[in-house]
Structures are given as C-alpha cells and as structure tokens.
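This report describes selected local features of one protein model. Please consult the sequence and structure shown below while reading.

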Amino acid sequence: MIGLVQIHSKDQLNQKCKLGYILGYKYCINGYMKELLTKVIDFAFHKLSYHKIESEIVSENKDSIGLVKSLGMKYEGTKIDDYKLGDEYYNQEVYYLINPNF
C-alpha cells in the first residue's frame with residue numbers, strides 16, 4: 001500500500017463530510033493523490049450527495065495545502081492548537097469545496 005484516502009466525520013443532517021489522506025513520501029511527486037482525490041470528491045458529490053467536503057491540514061504541511069488548492073478547495077479558517085502529536089499542538093487550516101450541483 002502506498003497511501004490511504006478516507007471520507008470521514010460524515011454529517012448527513014448538513015450533508016457534509018471530511019476528506020483525509022496520506023501518501024508515502026516517495027510517491028508524492030507522481031500525481032497519484034491528486035488523481036485519486038479528484039475521483040473521491042466526484043464520488044462524494046455525485047454518489048453520496050454531499051453538499052460540502054472539508055479537509056483539515058496542519059498549517060506547516062504546505063505540500064498538502066497546495067494539493068487541496070489545486071483541487072479547487074478554498075480556505076475557510078484556522079483551528080488553533082487543534083491537533084496534538086506527541087507533546088506538541090499544531091494549528092490546522094480548514095479547506096472546503098461546495099458541490100456545484102446544489
């Protein structure tokens with residue numbers, strides 16, 4: 001396995017979900033994740049009928065922020081000290097995409 005994509009935190013009432021992903025570092029420059037996320041977003045909008053997809057990214061992860069921006073996701077805000085790894089807390093930037101068919 002080279003990576004993982006996950007639709008999680010599904011909120012049926014508000015028709016939204018979160019998109020999470022991870023990819024092995026040596027595969028990052030091949031465009032695999034962008035291709036896969038494009039298909040997962042299409043599935044979430046057209047088959048699962050979500051209105052909004054969100055992604056939360058640690059602020060220091062500039063490559064991932066660039067990826068979601070390249071998919072058309074927009075910046076919504078920053079969650080302060082929202083993610084803990086070890087003894088450190090990190091800010092997370094929230095990006096979103098609205099289903100154009102709504």
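## An exposed isoleucine and its patch

In this predicted model, Ile22 has a relative accessibility of 54% and therefore counts as exposed, since the cut-off for that class is over 50%. Ile22 belongs to strand S2.

Together with Met1 and Leu4, Ile22 makes up a nonpolar patch on the surface. The accessible area of these three residues together is about 400 Å².

Strand S2 spans residues 16–23 and is joined by seven bridges to strand S1, residues 3–11. The two strands run antiparallel, and within this pairing Gln6 stands opposite Gly20 of S2.

S1 and S2 form a hairpin in which four residues lie between the strands. One of the residues in the turn, Gln15, has a positive phi of about 55 degrees.

## A buried asparagine

Asn99 is found in the segment that follows strand S5 (88–98). Is Asn99 buried or exposed? Its relative accessible area is 3%, so Asn99 is buried; the class requires a value under 20%.

The side chain of Asn99 makes polar contacts with backbone atoms of two residues: the oxygen of Tyr50 lies at 3.0 Å, and the nitrogen of Asn101 at 2.9 Å. When residues up to four places away in sequence are not counted, Asn99 touches Phe45, Tyr50 and His51.

Technical notes: Residues are numbered from 1 along each chain as its sequence is written. This is a predicted model: local features need pLDDT of at least 70, side-chain atom pairs count only at pLDDT 80 or more; totals for chains, interfaces and linings use all residues. Side-chain values use heavy atoms; hydrogens and water are left out. Two strands pair if DSSP finds at least two bridges between them. Patches are made of residues with over 30% relative accessible area and no salt bridge: like charges are joined within 9 Å, nonpolar side chains (Val, Leu, Ile, Met, Phe, Trp, Tyr) within 5 Å. Accessible areas come from the Shrake-Rupley method with a 1.4 Å probe; for residues, only the protein chains shown count as cover. A salt bridge is a side-chain nitrogen of Lys or Arg within 4 Å of a carboxyl oxygen of Asp or Glu. Buried means under 20% relative accessible area, exposed over 50%, partly exposed in between (1.4 Å probe, protein chains only). A polar contact is a pair of N or O atoms within 3.5 Å; within protein, one must be able to donate a hydrogen and the other to accept it, and residues adjacent in sequence count only if both atoms are side-chain atoms. Contact means heavy atoms within 4.5 Å.
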